[in-house]
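Here's a quick walk through one protein model and the two ligands that come with it. Have the structure open and follow along.

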Amino acid sequence: MRQILVTGGAGFIGSNFVHHLLQHTDASVIVLDKLTYAASRAALEEVPADRVRLVVGDVAEEAVVQGLVAGLTGPDDAVVHFAAESHNDNSLRDPSPFVTTNIVGTFVLLEAVRRHDVRLHHISTDEVYGDLELDDPAKFTESTAYRPSSPYSATKAGADHLVRAWQRSFGVRATISNCSNNYGPWQHVEKFIPRQITNVLRGDRPKVYGAGANVRDWIHTGDHSSAVLAILEHGTIGATYLIGADGERSNLEVVRAILRLRDRSEDEIDFVTDRAGHDLRYAIDATRLRTELGWEPAYPDFDAGLADTVRWYAEHEGWWGPAKDGVESAYAARGQ
Ligand code: NAD
Ligand code: DAU
């Protein structure tokens with residue numbers, strides 16, 4: 001049976017991808033995850049034990065990674081690499097685990113797939129391209145120059161460069177995707193949309209950095225997963241694909257939509273200390289993905305997807321509740 005090793009498969013997007021693989025392929029899945037604060041075992045609770053094996057371990061540890069990759073001996077076996085430290089605000093507080101997991105972890109994985117000649121798909125972010133002006137008609141494309149702003153995005157950029165070098169110099173069979181901001185179920189409450197939804201659900205006010213003018217290009221996590229599978233199955237080795245679903249919204253527009261969905265006044269917003277080095281706008285041109293691979297989003301309507309997500313958080317307080325107070329007191333200590 002075909003085997004796919006999914007690093008970071010207990011995280012927000014990785015766990016969605018595991019479910020997507022189970023639904024759309026007959027592969028068996030090995031999840032390698034360190035189970036950091038960001039992981040959620042609950043997101044994998046309902047997967048069949050005969051198709052998914054969870055290995056708790058660190059992607060930066062050579063022995064565990066070499067051992068798992070050595071077992072991928074089938075012609076269509078592959079690694080899909082999601083594992084990362086993923087939150088910009090945390091990278092401003094302590095960049096160290098970002099360097100270890102995002103750069104060293106990718107290096108260790110590359111050496112393993114090189115040694116065992118295994119296909120790799122590397123998950124990256126649009127943040128490697130820096131930011132755009134609000135009124136710039138341009139969007140990011142596969143040929144936009146790298147210009148990362150934060151320690152997080154710099155480590156993701158470093159990882160991308162390693163993947164390209166290993167592909168070109170050693171012939172590693174790799175593809176890369178750079179996706180825009182994901183939303184959907186199982187996203188940690190430290191991130192923007194879950195933080196604001198859960199604030200509103202608890203009767204608190206959303207906390208918006210600066211004036212809320214920053215723009216993000218939102219995509220449902222299910223659409224990220226379907227794009228990654230399309231690239232894994234049909235992408236050109238050595239190519240990079242940008243993933244996005246034309247979901248540009250300012251942060252203020254997003255919080256106002258959340259407040260409306262819960263029948264609250266659109267003015268009940270706290271404007272808090274801005275993020276250092278805060279990227280202004282991200283926007284993705286996904287033409288290559290759409291034309292070359294025929295990919296289309298299943299959730300093209302952001303407002304409908306946001307309404308579903310608000311409902312999901314309302315029904316899953318038992319999951320996010322235990323993390324909420326700790327996250328809020330850490331933000332409050334920084335004036336956010
Ligand atoms: P997440 O923080 O929710 O999950 C990360 C997962 O990686 C967790 O399960 C964690 O336990 C695991 N992990 C962390 N360090 C590890 C290590 N050293 N070894 C093994 N496992 C480790 O992140 P996410 O939002 O699901 O993002 C997943 C990937 O997608 C990341 O590579 C991120 O850069 C990328 N990405 C995220 C977004 C987004 O909007 N969230 C957008 C584009 C790309
Ligand atoms: O673009 C892809 C990236 O999107 C991924 O690579 C990252 O892993 C992911 O975390 C996300 O990064 P952002 O920094 O854009 O996402 P975040 O949810 O942290 O913030 C989204 C926007 O909302 C950003 O402009 C900062 C702002 N913000 C965030 C928080 C947590 C607020 O205004 N208030 C908040 O409380």
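## Ligand 1

Let's start with a lysine: Lys156 puts a polar side-chain atom 2.7 Å from an oxygen atom of ligand 1. Keep in mind that this is a predicted model. An N or O atom in the side chain of Asp33 sits 2.6 Å from an oxygen atom of the ligand, and the side chain of Tyr152 has an N or O atom 2.6 Å from a ligand 1 oxygen.

How many residues surround ligand 1? The count is 29, and the closest are Ile13, Asp33, Ser86, Tyr152 and Lys156.

## Ligand 2

Now for the other ligand. Ligand 2 has 25 residues around it, and those that come nearest are Thr125, Asp126, Tyr152, Arg275 and His278.

For polar contacts, Thr125 uses its side chain, with a polar atom 2.7 Å from an oxygen atom of ligand 2. The backbone gets involved as well: Lys207 has a polar backbone atom 2.9 Å from a nitrogen atom of the ligand, while a backbone N or O atom of Tyr209 lies 2.8 Å from an oxygen atom of ligand 2.

The structure holds 2 cavities of 30 Å³ or more. Which elements give two or more residues to its lining? They are α4 (96-116), β5 (119-125) and α5 (151-170).

Residue by residue, the second largest cavity is lined by His81, Phe82, Ala83, Ala84, Asn102, Thr106, His122, Ile123, Lys156 and Ala159. Sorted by class, that makes 5 nonpolar, 4 polar and 1 charged residues. Lys156 turns up in this lining, and its side chain also has that polar contact with ligand 1.

## Helix α8 and what covers it

Over to helix α8, residues 251-261. Its buried residues are Asn251, Leu252, Val254, Val255, Ala257, Ile258 and Leu259. What covers them includes the helices α6 (192-201) and α10 (302-315), along with the strands β8 (207-209), β9 (215-217), β12 (248-250) and β13 (270-272).

One backbone detail to finish: just after α8, Asp263 takes a positive phi of about 55°.

How values were computed:
Residues numbered from 1 in each chain as written. Chains lettered and ligands numbered in written order. Predicted model: local features only at pLDDT ≥ 70, side-chain atom pairs only at ≥ 80, totals over all residues. Heavy atoms only, no water. Buried < 20%, exposed > 50% of the residue type's maximum accessible area, 1.4 Å probe, protein only. Helix = DSSP H or I, 4+ residues; strand = E, 2+ residues; numbered from the N terminus. Contact = heavy atoms within 4.5 Å. 1 Å grid on protein atoms, 1.4 Å probe; cavity = no way out; pocket = protein on both sides within 12 Å on 5 of 7 lines; lining within 4 Å. Points joined across faces, edges and corners; volume = space filled by probe spheres on them. Nonpolar A, V, L, I, M, F, W, Y, C, P; charged D, E, K, R; others polar. Near = heavy atom within 4 Å. Polar contact = N/O pair within 3.5 Å; in protein donor to acceptor, adjacent residues only side chain to side chain.
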